[in-house]
Structure formats: structure tokens, C-alpha cells
Amino acid sequence: MGKLGETGLAATAGPARTLGMEGECRASQARSWGLPAGGAGGESPGGDAPLSGSISSSALLQAEVLDLDEDEDDLEVFSKDASLMDMNSFSPLMPTSPLSMINQVKFEDEPDLKDLFITVDEPESHVTTIETFITYRIITKTSRGEFDSSEFEVRRRYQDFLWLKEKLEEAHPTLVIPPLPEKFIVKGMVERFNDDFIETRRKALHRFLNRVADHPTLTFNEEFKIFLTAQAWEFSSHKKQGPGLLSRMGQSVRAVALSMRGVKSRPEEFMEMNNFIEIFSQKINLIDKISQRIYKEEREYLDEMKEYGPIHILWSASEEDLADTLKSVASCIDKCCKATEKRMSGFSEALLPVVHEYVLYSEMLMLTEEIGKLEDKVECANNALKADWERWKQNMQNDIKSAFTNMAEENILYYEQQDVSFTEH
Amino acid sequence: MTENNFSLKKIEISVSEAEKRTGRNAMNMQETYTAYLIETRSVEHSDGQSVLTDSLWRRYSEFELLRNYLLVYYPHIVVPPLPEKRAEFVWHKLSADNMDPDFVERRRIGLENFLLRVASHPILCRDKIFYLFLTQEGNWKETVNETGFQLKADSRLKALNATFRVKNPDKRFIELKHYSDELQSVISHLLRVRARVADRLYGVYKVHGNYGRVFSEWSAIEKEMGDGLQSAGHHMDVYAASIDDILEDEEHYADQLKEYLFYAEALRAVCRKHELTQYDLETAAQDLAAKKQQCEELATGTVRTFSLKGMTTKLFGQETPEQREARIKMLEEQIKEGEQQLKSKNLEGREFVKNAWADIERFKEQKNHDLKEALISYAVMQISMCKKGIQVWTNAKECFSKM
């Protein structure tokens with residue numbers, strides 16, 4: 001099914017999606033980014049709705065694009081639900097047939113679209129004489145014919161993900177490949193086996209695979225399939241092969257493609273896009289830094305608050321008339337602490353990873369710009385990606401901000417209770 | 001010094017202004033200080049109108065002088081404290097500088113509060129020196145010093161000595177001392193942590209302000225998202241700015257707690273006075289008992305206690321019966337005097353305990369009332385802070401959803 005065709009030339013993906021080049025590129029990409037990869041809850045919201053707005057700004061209105069309009073509300077609704085879904089909802093404990101999963105994940109979009117579900121979990125530490133490393137379990141469930149079975153379970157380590165990414169980049173030099181989490185965290189403790197670090201990485205790897213799966217072209221990449229399905233020895237021997245036949249073919253195809261299309265010189269658009277990417281990258285980096293800083297400040301605030309409450313209890317021990325009042329103030333402060341903790345976890349679960357992801361994306365894009373020159377595909381990918389990720393991010397921020405307002409509301413509730421009890425005395 | 005003819009018709013006292021001044025101090029060196037304007041108005045009952053009767057300028061050191069005077073002349077009263085001399089419990093944004101306008105403003109309020117407390121105290125308000133403090137600008141310092149109150153003040157050493165050696169202080173005062181120690185320690189701890197919490201909260205809010213700047217810059221390159229980002233950024237700025245007022249209000253709460261922190265010291269002063277009085281009494285009783293015993297020994301001829309007289313008698317020979325008679329007579333007189341003194345000291349002591357305890361009860365009620373109100377107002381402040389937060393974030397959320 002068009003595996004060889006999966007090069008940068010023509011994103012003529014599966015039959016269901018062949019709609020003609022430009023439109024297909026936008027529409028299908030729109031759909032794919034809009035869908036959360038099976039239960040990848042918090043990162044997802046299918047902000048496709050306004051995407052149709054951006055599409056209409058380019059003069060291509062395909063029937064499929066209009067279809068999306070009808071689905072707008074459904075997707076919006078779904079996105080809210082999705083954000084509440086647990087990332088690990090596809091754990092083996094739940095019913096496992098892909099079809100039943102489609103039904104469970106109640107999105108009202110094109111029903112046959114999602115046929116590949118991937119989860120990354122269970123990090124495990126392996127110690128050998130040479131090194132220690134972590135592997136992650138990857139479970140794939142699919143209804144696709146080209147897969148030999150409907151379920152696969154493999155273990156991969158970070159190096160393997162890097163390999164996959166390289167392969168994808170080789171095979172599709174003009175597409176935007178989803179980012180991987182960084183090798184190390186430069187600032188803070190460089191503790192590779194720290195629990196938080198492992199968890200953050202696991203989530204990012206999960207997102208990575210799902211984005212590849214959702215991408216209309218990348219999802220049919222052969223190396224991707226091998227990554228998901230090959231058992232340990234099979235996989236390592238495959239990796240050892242030099243640039244395989246496929247990638248060699250890919251390279252020559254790419255060379256042909258370049259010579260055929262030539263470098264279209266659209267200097268103004270190129271400059272504009274370049275400018276945008278540069279500024280965007282700057283800003284998103286700042287936002288990343290600011291968000292991390294806010295998290296840090298909140299943590300310190302929380303630490304102080306934790307000491308603040310108990311003092312009132314201590315005081316109440318030496319008072320008679322004031323004891324009750326003091327105790328209620330103390331309990332309010334404690335509730336405030338809990339609300340703050342909730343807010344912080346919401347922040348770190350949802351906003352921080354997404355912002356960071358886009359930092360990586362933008363870095364990648366800067367490079368892509370330089371390497372790829374301006375090809376139609378890149379532009380197309382960029383536009384769709386750009387419009388979409390902004391939706392995505394905005395919805396994400398939305399959720400975070402509502403977490404804030406929730407926190408504030410909770411605070412109010414507690415303090416109001418407090419007020420009532422005070423005035424009662 | 002009290003004068004019953006100090007009219008008790010309703011008066012309003014306010015410390016309305018503060019002014020920086022320069023002058024020459026005792027060592028003839030130039031110094032800068034702040035002077036505070038005290039205005040006194042009397043309220044006519046008939047029409048409720050207030051008339052400015054007095055207005056004069058005083059500096060902090062004069063307030064201190066007044067308070068020290070009150071401490072000496074009313075040792076059984078829990079004398080209201082002055083606002084802090086130097087800024088303590090500051091967090092990073094607050095200045096520790098005495099000349100800082102915010103500090104001066106808060107001190108102005110504190111001084112006004114002090115005067116109002118004295119004026120509303122049933123006993124202190126009648127004091128002449130207090131009246132003169134409000135009305136007589138020049139010469140007041142000399143008048144106070146002329147009372148000689150500094151001489152009457154108990155020395156610190158004497159007080160310390162009494163604290164260690166007193167045998168039978170009233171139990172209630174012991175408890176009160178413990179209470180005031182606990183109160184002081186818990187309030188200072190609370191104020192310290194509160195200052196740290198304020199510092200952190202300030203940080204959280206202000207960092208959000210950076211969002212505002214970045215959003216605004218970012219919105220310049222965005223098409224669809226531009227407006228939403230811009231307005232969201234504006235809300236972030238509002239959020240970041242709102243913390244200043246919030247924390248200023250909280251400082252007032254902190255000041256209310258500080259007053260009671262300093263009240264703890266006033267409580268301890270009363271306890272110390274009691275210990276002194278009690279110790280005085282015990283010493284007098286001891287002396288009297290010793291004299292009585294001496295007298296008895298002389299009269300009966302038995303020497304049970306070691307005395308210098310006894311030793312010298314042994315060394316230099318017995319005294320004559322006349323000499324002995326003379327000594328007995330002297331001792332008997334001393335004993336009589338002593339008994340009188342003891343009686344009056346006893347009376348004094350009991351009076352002191354009674355009066356002091358009455359004022360302490362009054363103080364307890366005042367404290368419970370004031371602190372409860374302060375805690376409630378703190379809760380109200382938090383509620384308003386939360387409401388503001390909700391509003392800002394709801395607005396921001398709207399902007400985000402429109403992007």
C-alpha cells in the first residue's frame with residue numbers, strides 16, 4: 001500500500017486519503033493533527049475547528065474540508081473530554097480489540113480513520129556490564145492489513161527512538177517530523193534515572209509515536225512499522241543494516257525530486273516565513289522560560305504556605321476565645337495549599353510539556369528552513385502545522401487557565417466558608 | 001499625675017501628617033527626622049460638629065518619652081505600645097529604611113492608634129501629662145522631666161533580681177508571663193513566615209507580567225491569534241499589577257498583629273512590677289522576722305543566731321545591762337515600724353494585684369476582640385484577592401478561547 005511512495009514527493013497516502021495534492025495535504029494533515037492519538041489525553045484537543053478558517057484563506061476549498069466544518073462542534077466537544085482522559089487509558093486492562101477501542105473513544109469523526117493505537121509505558125531499568133539504560137514498553141494495536149497481527153508489544157530504548165527519527169527524516173526530508181524529547185536536561189540535576197525525568201520522557205515519547213502514527217505519510221513508513229513490531233534481535237539486526245535499500249532509494253528519489261522541482265525562488269514568502277519562525281521561536285522560548293519560572297516560584301510559595309498554616313494552630317493552643325477562629329484560618333490555609341498543588345500539577349502536566357514541545361518544533365523548523373529551501377510541501381506542512389498547533393496550544397492554555405480560575409474559585413469557597421463561620425461567632 | 005478636671009467631653013485625635021525635618025541634635029550635629037502633626041478636635045454634643053482645638057508637631061522620641069512616663073506612673077496598667085522603631089519583618093520589596101514614605105505612613109497610623117488607645121483607656125486618659133502632650137507644644141519635655149519620673153523608675157537590675165528571688169508571686173501572674181512569652185514567640189514566627197509568603201506570592205504574580213510582554217510582542221507576527229494574544233497579554237499585566245495593592249493591604253494586617261506582639265512586652269512589664277512588689281513585701285517580712293528574733297534572743301539571753309554583735313561581745317567582753325536594754329528598745333521600735341510598713345506594703349501589694357488584674361481583664365477582652373477582627377479582615381482580604389484572580393483569569397480565558 002504505497003510504501004515506496006512514501007517519500008517527500010507525493011503524499012499520496014492510503015486510498016482513503018488521496019484527494020489531490022495541496023488540498024489533501026492540508027485537509028488530511030488537519031484531520032490528523034486534530035485527532036489525539038488514541039487516548040493521549042491531555043495533549044490533544046482537536047482544535048480543528050478554526051483550522052477551516054485558515055484553510056479558507058488559501059483558495060482551496062475541497063469537499064472534505066467543508067466536511068470538517070460539520071465536525072467542528074463535535075471535535076471541540078471531544079477535545080474537552082479528551083483533556084480529561086487518562087493518558088494510559090489504553091492499558092492492557094481495558095478491552096483490547098481495536099474496533100472496540102474505536103467505539104470507546106467516542107469521537108464522532110470519520111470512523112475508519114484511526115486504525116493504529118500506540119501506547120508507551122512501563123519504563124524499566126536494564127543493567128549490563130557496559131551500561132545502564134531504560135527501556136519503554138510499546139504496545140501497538142492495529143486493524144491494518146499490512147501488519148501481520150493486530151497486537152504487538154516491544155521494548156525500545158531512547159536510542160531506538162533516535163534511530164527511528166533519523167530514518168524518518170531521511171525518508172521524508174521535506175516533512176516536519178515530530179520532535180523527540182531532549183537527550184539530557186541541561187539545567188537542573190542531570191540525573192538520567194530520576195523518576196520525574198523518566199516520566200516526562202515517557203510521555204514525550206508516547207506523544208512522538210502517536211504523532212507519527214497520525215501523520216498521513218509517516219504512518220506508513222516502513223521503518224516505523226519495524227520499530228513498532230520487530231522483536232529485539234530482529235530489530236537490532238535491522239538497525240545494523242546500512243542505509244537500507246529503501247533509504248538508499250529514498251535518497252536518490254530525493255535527489256531527483258530536488259533536481260526536478262528545482263529550488264523555487266519565492267524570496268518574499270521565504271523571508272516572511274523565516275522571519276516568522278525566528279520570532280516565533282524566540283517568543284516560544286521565552287514563554288517556556290517564563291512558565292518554568294512560574295512553576296518554580298509557585299513551588300517556593302507552596303513551601304512557605306505549608307509552614308504558615310500550622311503556626312495558627314500553635315497559637316490557638318495558648319488562646320481560649322480565639323482558638324476556633326485561629327484553627328479555621330489554619331484549615332483555610334491548608335486548603336489553599338492543596339489547591340495550589342493541584343494548580344501546579346495541572347501546569348506541569350499540560351502546559352509545560354506542550355510549550356516545550358513547540359520549542360523543539362520551532363528549533364526543528366528553523367533547521368528545516370535552512371536545509372529544505374522552500375518546497376511546496378514544506379510550506380504546506382508549515383502552514384497547516386502552524387495554524388493547528390496554535391489552536392492546540394491555545395486550547396491547552398485554556399485548560400490551564402481554567403485550572404487557575406478553579407483554584408481561585410476554590411480559594412474563595414473556602415474563605416467564604418471561613419467568613420461565615422467567623423461572623424457566626 | 002492625674003487631674004480630675006481634665007474634661008472628658010468627646011475628643012477626636014488624629015495624627016494627620018508627617019514631615020521631614022532637619023535640626024540639630026543634642027551633640028549639635030545635623031540630623032534628619034520626621035515630625036508628626038497631632039490634631040485634637042472636640043466634639044460638641046449639641047450639634048455633633050467638631051472644632052479644632054489643638055494642633056502641634058511631635059517627633060517619635062517624644063512619643064517614647066510619654067510612654068516611658070506612663071509606664072512609671074501606671075505600673076499596674078497594660079500600657080499601649082508604640083509602633084516599631086525600626087522596620088522589622090520586611091520582605092524584599094518593603095524597605096527597611098525609616099525614611100521610606102511607606103514606612104512613615106504606616107508609622108503615622110501606628111502613632112495615631114497609640115494616642116487613641118491611651119485616650120480611650122479609662123485611667124490613662126485622665127493623665128495631665130498626656131493632656132499636655134496633646135496641647136502644649138513648647139516646654140512639654142521639660143514638664144515631663146520635672147516630674148522626676150526617671151528617678152522613680154525601677155532599675156532593670158532590681159527587677160531582674162526580684163524575678164529570680166521572689167518566692168510567692170500570685171499564680172495568675174506567672175501564667176500571664178508564660179502567656180505573654182508564648183504570644184510574643186508565636187506572633188513573631190507568624191509575621192516572619194507571612195513576610196516570606198508575601199515575598200513568594202509577589203514573585204508568582206510578577207513573573208506572569210512577563211507573559212504580558214511576550215504575548216504582546218508575539219501577537220505582532222500572528223494573524224488570527226494576534227488580537228486574542230494581545231488582550232490576553234493585557235490581562236496578564238493587570239494580574240501582575242494587582243499584587244501591589246493586595247500586599248499593601250496585608251501590611252496593615254501585619255501591623256495589627258505587631259501591635260499585639262508589642263503588647264506582650266507591656267504585659268510582661270506589669271508582671272515584673274508585681275514580682276517587684278511581692279519581692280519587696282517578702283523582703284520586708286523577712287527583715288521583720290529577723291529583727292523580732294534578734295529582739296527575743298537579746299531579751300532571753302540566748303544566742304541562737306550568729307551575729308556580729310555576739311562575736312564582738314565574745315571577743316571584747318559582754319555589754320552592760322543598760323546597753324542591752326537600749327538595744328532591745330531600739331529593736332522594739334524598729335519592729336513596730338516594720339510591722340506598720342509591712343501592713344501598708346501588704347495593702348499596696350493587694351491593691352496592685354486587684355487593679356492590675358482589672359486592667360488585664362479589660363486588656364484580654366480588647367485583645368480577643370481586636371485579633372478576631374484582624375483575622376476576619378485577613379480572610380476578607382484573601383476573598384477579595386481570589387475574586388480579583390477569578391476575574392482576571394476568566395477574562396484571560398475568554399481571550400484565549402477567542403484566539
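A residue counts as buried when its relative accessible area is under 20%. The structure shown in these views is a predicted model.

View 1. Two values describe any pair of aromatic rings: the distance of the centres and the angle of the planes. For A:Phe161 and A:Phe227, the centres are 5.0 Å apart and the planes stand at 70°. Planes over 60 degrees apart count as edge-to-face, and this pair is edge-to-face. A:Phe161 belongs to helix H5 (residues 158–171) of chain A, and A:Phe227 to helix H7 (residues 222–229) of chain A. The pair therefore ties together parts that are 66 residues apart in sequence.

**View 2. A cluster of rings in chain A.** Ring pairs join A:Phe161, A:Trp163, A:Phe208, A:Phe227 and A:Phe235 into a cluster. A:Phe161 and A:Phe227, the pair of View 1, are among its members. Over all chains, the structure holds 20 aromatic pairs.

**View 3. Arginines over ring faces in chain A.** A:Arg156 lies over the face of A:Phe227, at 5.4 Å from the ring centre. A:Phe227 also pairs edge-to-face with A:Phe161. Elsewhere in the chain, A:Arg201 sits over the face of A:Tyr158. Here the distance from the ring centre is 3.8 Å.

**View 4. Two tyrosines on one helix of chain B.** B:Tyr69 and B:Tyr73 both lie in helix H1 (residues 60–73) of chain B. They are four residues apart, about one turn of the helix. Their ring centres are 4.9 Å apart and their planes meet at 35°, so the pair is tilted. Are the two residues buried or partly exposed? B:Tyr69 has 0% relative accessibility, so it counts as buried. B:Tyr73 has a relative accessible area of 22%, so it is partly exposed.

View 5. Chain B has ten helices and three strands. From the N terminus on, its elements run β-β-β-α-α-α-α-α-α-α-α-α-α. Buried residues make up 46% of the 403 residues in chain B; B:Tyr69 is one of the buried residues. Now take the contacts in chain B between residues at least 6 apart in sequence. Of these, 74% join residues at least 24 apart.

Conventions
Residues are numbered from 1 along each chain as its sequence is written. Chains are lettered from A and ligands numbered from 1 in the order in which they are written. This is a predicted model: local features need pLDDT of at least 70, side-chain atom pairs count only at pLDDT 80 or more; totals for chains, interfaces and linings use all residues. Side-chain values use heavy atoms; hydrogens and water are left out. Buried means under 20% relative accessible area, exposed over 50%, partly exposed in between (1.4 Å probe, protein chains only). Contact means heavy atoms within 4.5 Å. Rings of Phe, Tyr and Trp (its six-membered ring) pair if their centres lie within 6.5 Å; planes under 30 degrees apart count as stacked, over 60 as edge-to-face and the rest as tilted. A charge sits over a ring if NZ of Lys or CZ of Arg is within 6 Å of the ring centre and within 35 degrees of the ring normal.
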